[in-house]
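Open the model in your viewer and keep the selection tool at hand. The tour moves from one element to the next.

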Amino acid sequence: MPKIVSLRPNILIVSSFWPGRDTGGVAEMGLVLAYNLVKQDNVTVLINDWEQRTPRETQEYGLNVIFYRLRSPWTVPRPIRNFVGWMVNCLRELRDIQKIIRDNKINIVQIRFPVPSFFVFRIIRLLGGPQYCVSFHGSDVHQFHTKDWPSRVLLKWLVAGASATSAVSRSLAKNAEDLFPCASPVRAIYNGKSVDDIIDKSNQPITWPHQINFESYLVNPANMTWVKGQDVLIRAWAKLPNDVSHFHLLIIGEARDAFEQCLQLIKELDCSDRVHLLGSLPQTELFSVMRKAKGCVMSSRHEGFSGT
């Protein structure tokens with residue numbers, strides 16, 4: 001009888017961020033990626049966890065997740081001490097990664113947010129292991145020059161061995177090609193909301209919270225964290241001149257570490273009639289609100305707006 005071969009690839013997603021351990025969109029988008037891939041492919045997630053010296057495999061969010069330390073040969077502070085530690089453990093750690101790949105029959109590795117310690121996947125590739133692709137996000141490109149020279153060398157060596165590269169916006173893809181000529185061409189694959197989705201799914205009527213009902217508004221769709229900078233946005237909104245004071249600001253997202261500060265700011269600046277914290281909304285309702293808005297406004301402290 002002929003052997004039946006599955007055409008579904010076995011994908012290993014490698015990242016340093018994971019929901020429950022890390023907050024913000026970077027962790028959540030990794031989970032969204034895994035959820036969508038697992039519908040048609042076999043997916044394992046490997047999370048770089050400095051505290052996990054031996055692989056720890058578990059089931060989270062319905063996915064096979066492995067936590068394990070991926071060590072870079074050069075880490076500050078204490079670079080000499082870390083280099084010695086890497087020399088002592090590198091062969092064992094290499095074998096552990098190879099075992100994860102072998103046990104899960106991995107034939108494609110997807111590296112999110114490339115960091116120097118992920119260079120091990122190029123070594124594995126040179127030893128006959130699976131191909132890997134690298135996806136760039138804002139900080140991977142914009143903060144590259146702030147890294148020490150050994151880290152830059154490791155990152156360039158990692159990227160040079162990738163079978164494919166992508167970025168989350170066209171402008172970021174162009175910047176990545178300029179920074180990593182060996183990665184060209186970098187394909188733009190958006191990790192934000194598709195405009196077509198917003199149009200297709202935005203036909204539901206809006207049920208305004210707290211009887212809010214108005215036509216002229218801008219929307220800030222982001223969880224309320226210090227990084228997202230809603231406090232900056234609220235201060236700016238309170239200073240709007242009178243001729244545009246009829247514009248309302250809707251902040252839509254989970255109440256996280258910046259929520260209480262923003263509530264206090266709205267009270268202090270006396271702008272509760274124009275600034276509204278709506279919390280999280282169902283996706284279809286969020287799309288309706290976004291479609292009917294005059295525009296979206298972002299105030300993140302250090303993001304490249306690649307997903308907006």
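Which residues of helix H6 (residues 170-179) are buried? Select Leu172, Ala173, Ala176 and Leu179. Buried means under 20% relative accessible area, exposed means over 50%, and partly exposed lies in between (1.4 Å probe, protein chains only). The arc is that of the directions from the helix axis to the C-beta atoms.

Before going on, note that this is a predicted model: local features need pLDDT of at least 70, side-chain atom pairs count only at pLDDT 80 or more, and totals for chains, interfaces and linings use all residues. Residues are numbered from 1 along each chain as its sequence is written, and side-chain values use heavy atoms, with hydrogens and water left out. Helices (H or I, at least four residues) and strands (E, at least two) are DSSP runs, numbered from the N terminus.

Stay on H6. The face turned away from its buried side carries the exposed residues Arg170, Ser171 and Asp178. Now show what covers the buried residues of H6: the cover includes S6, H4, H5 and S7. Contact here means heavy atoms within 4.5 Å.

Select His145, in the loop between helix H4 (138-142) and H5. Is His145 buried or exposed? At 61% relative accessibility, His145 counts as exposed. Leaving aside its neighbours within four places in sequence, His145 is in contact with Arg152 and Leu179. His145 and Leu179 are 34 residues apart along the chain, and their C-alpha atoms are separated by 9.6 Å.

**Helix H5**

Next, select residues 149-160, helix H5. Its 12 residues should span 16 Å at 1.5 Å a residue, and its end C-alpha atoms are 16 Å apart, which agrees. The expected span is 1.5 Å times one less than the number of residues. Colour the buried residues of H5: Pro150, Ser151, Leu154, Leu155, Leu158 and Val159. Down the axis of H5 they fall within an arc of 165°, so they line one face of the helix. They pack against S5, S6 and S7.

Zoom in on Ser151. Its relative accessible area is 8%, so Ser151 is buried. Not counting residues up to four places away in sequence, Ser151 touches Trp74 and Pro116.

Select strand S5 (residues 108-112) and strand S6 (residues 131-136); they pair in the parallel sense over 5 bridges. Two strands pair if DSSP finds at least two bridges between them. Ile108 has Gln131 as its bridge partner in S6. Move on to strand S7 (residues 164-167): 4 bridges join S6 to S7, and the two run parallel. There, Cys133 has Ala164 as its bridge partner.

**A four-stranded sheet**

Finish at the open sheet of 4 strands, in the order S11-S10-S9-S12, with parallel pairing. Its edge strands are S11 (275-277) and S12 (295-296), and each pairs on one side only. Strand S9 (residues 217-221) is joined to S12 by 2 bridges. Leu218 stands opposite Gly295 in S12.

Which strands does helix H8 (residues 230-238) lie across? H8 lies across S9, strand S10 (248-252) and S11, running at about 170° to S10. Last, select helix H10 (residues 283-292), which lies across S9, S10 and S12 and runs at about 140° to S9. Axes are lines fitted to C-alpha atoms, for helices over the stretch in contact, and angles run from 0 to 180 degrees between N-to-C directions.
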